[in-house]
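The sequence and the model are shown first.

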Amino acid sequence: MTAARQAAVTTAAPHTVPGRTPRRSVLFFAFAFAVIADPVSSVAYAIEAALRALDGDLALLLPTMSLVIGLVVVVTANYWQLVRRFPKGGGAAAAAGRAFGARWTFLPIGALVVDFVLTIGISIAAAASAVIALFPALAPVRIPLALVLLVVVAGLTWFGHGGRLLFAVMTVAFVVISVAVLVLGFTSPHATGHAVATTDPGHSAMLAVVLAFPVAMALATGVEAPSTAIAQLGQLDDTHRRRFGRGTLALLVVIVGGLTLALTALAVRLHIGIPGADSTQIADIAHAAAGPGWLYGAFQLTSSLLLLAAASSSFQAGPGLLKALAGTAEKPGVLAPVLGRTNRHHTPYWSVVVYLAAAAVIIVAAAGQEQELVLFYAVAVFVSFLVGLVAMARFARRERKPALAWVNGLAAAAVAFTLVVNLLRGWPVLSMVATLLIAGGLYLRWNRAGRPTGIEDVEARAEAA
């Protein structure tokens with residue numbers, strides 16, 4: 001999804017002194033590890049999603065996830081360019097607006113609105129699954145447990161962004177515990193599973209991988225976050241915002257790519273297949289590697305907290321986007337002013353209620369199962385990726401950089417293919433429909449409001465606020 005977009009920069013900002021490298025390093029740590037919480041948390045369900053799409057064929061899991069990471073690198077390279085071009089933030093919306101006109105801004109905005117809802121829903125459902133894997137007795141109350149977690153996370157947003165540094169802490173904790181599990185799993189595993197890593201001779205391995213990898217592209221959600229979150233770094237100049245944004249993107253690729261491929265390889269090594277109804281594949285991997293002791297418990301605890309942090313970030317970024325679209329008393333926007341009303345902690349509480357209700361609906365509809373939502377997850381945000389890539393290709397052509405235009409064009413084709421394959425699975429079309437309806441509705445309201453200027457920078461304003 002998309003993304004832990006609300007980094008802990010406000011807390012760190014007063015302590016940042018120009019020219020003091022250690023202070024700036026602390027700021028980068030808080031910013032980067034908070035922003036990448038969303039994509040790192042996606043590791044909890046993306047590998048299992050790929051295995052299910054492969055019908056449990058472990059022999060093809062590593063090639064599939066390698067292809068996924070390859071495409072994540074391609075998408076990240078595009079956002080590397082976006083950060084260079086838009087150091088004050090804005091992401092795909094800013095690129096689309098300036099490349100094709102303000103009206104095209106609403107397509108990535110609509111995609112992000114849907115992405116935020118799905119990020120909340122899938123993160124809460126996955127957190128509930130992590131808790132149930134640790135305490136199986138809670139399985140009969142999966143949906144109530146997920147809804148309670150949803151309400152708790154939504155309620156915490158009432159108090160604003162004071163706890164944003166926790167996002168960075170949760171990300172680091174999960175990475176550290178994961179590394180410990182991996183080391184133990186590769187050197188002295190507690191047990192092995194019974195899944196067989198042999199390819200079914202009745203189908204083409206290459207075709208199976210090509211059709212399965214788009215499902216696991218949920219791993220790419222959140223890649224766009226650094227390009228928009230740099231708008232929070234108002235205390236830095238453009239040069240340092242570019243460095244922070246690009247450094248975060250590089251860290252994202254290294255951590256997400258490394259964890260994903262290592263956990264995938266360990267799953268194959270330990271023969272960990274599709275999990276039972278009350279567990280997850282990543283939980284089964286940790287249990288086989290570390291046994292039922294404290295390390296397994298710590299792994300489940302940190303993964304569930306990281307998932308809740310990812311949900312919390314979207315509970316801040318999503319309503320923040322609606323607030324920016326609602327405008328101010330001095331400059332009305334395209335949405336009803338009620339969505340911009342805030343409490344003393346600057347939380348747009350009615351916008352939070354909107355996301356709470358939408359996320360509750362999809363959690364109940366999916367029976368609290370995150371794997372039911374994965375198919376929908378990679379659709380909306382890939383619309384934003386596609387628009388951003390096409391916009392960057394157009395910029396390259398305008399500036400007579402044919403090599404860069406070809407690279408962006410080929411990347412756009414790969415993203416379009418991923419999007420089409422996911423849409424052909426049927427129900428994920430609903431994500432596309434929701435994206436188009438929201439984008440169209442916002443465009444109509446923008447027209448009725450007299451086409452207020454600056455809509456291209458709405459994401460940057462949402463983050464800066």
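## Cavities, pocket and helices

The second largest cavity has a volume of about 60 Å³. Here a cavity is a set of points on a 1 Å grid over the protein atoms alone where a 1.4 Å probe fits but cannot get out, a pocket is an open set with protein on both sides within 12 Å along at least five of seven lines, and lining residues have an atom within 4 Å of a point. Grid points are joined across faces, edges and corners, and a volume is the space filled by probe spheres set on the points.

This is a predicted model, in which local features need pLDDT of at least 70 and side-chain atom pairs count only at pLDDT 80 or more, while totals for chains, interfaces and linings use all residues. Residues are numbered from 1 along each chain as its sequence is written, and side-chain values use heavy atoms, with hydrogens and water left out.

There are two cavities of 30 Å³ or more. The lining of the second largest cavity includes Ala44, Thr280, Gln300 and Glu370, and H7 and H14 each supply at least two of its residues. Helices are DSSP runs (H or I, at least four residues) numbered from the N terminus.

The largest pocket holds about 730 Å³ of space. Of its 33 lining residues, Val114, Leu118, Ile362, Phe376 and Ser431 are the closest to the centre. The table compares the two linings by class (Ala, Val, Leu, Ile, Met, Phe, Trp, Tyr, Cys and Pro are nonpolar; Asp, Glu, Lys and Arg are charged; the others, Gly among them, are polar).

| Lining | Residues by class |
|---|---|
| Largest pocket | 27 nonpolar, three polar, three charged residues |
| Second largest cavity | five nonpolar, four polar, one charged residues |

Helix H16 (residues 370-398) and helix H18 (residues 429-448) pack at an angle of about 35 degrees, with axes 8 Å apart; axes are lines fitted to C-alpha atoms over the stretch in contact, and angles run from 0 to 180 degrees between N-to-C directions. Phe376, Val379, Ala380 and Val383 of H16 meet Leu430, Ser431, Met432 and Thr435 of H18, where contact means heavy atoms within 4.5 Å.

In helix H13 (residues 281-290), eight of the 10 residues are buried (under 20% relative accessible area; exposed is over 50%, partly exposed in between; 1.4 Å probe, protein chains only). Just after H13, Gly291 takes a positive phi of about 80 degrees. Val254, in helix H12 (residues 238-269), counts as exposed because its relative accessibility is 59%.
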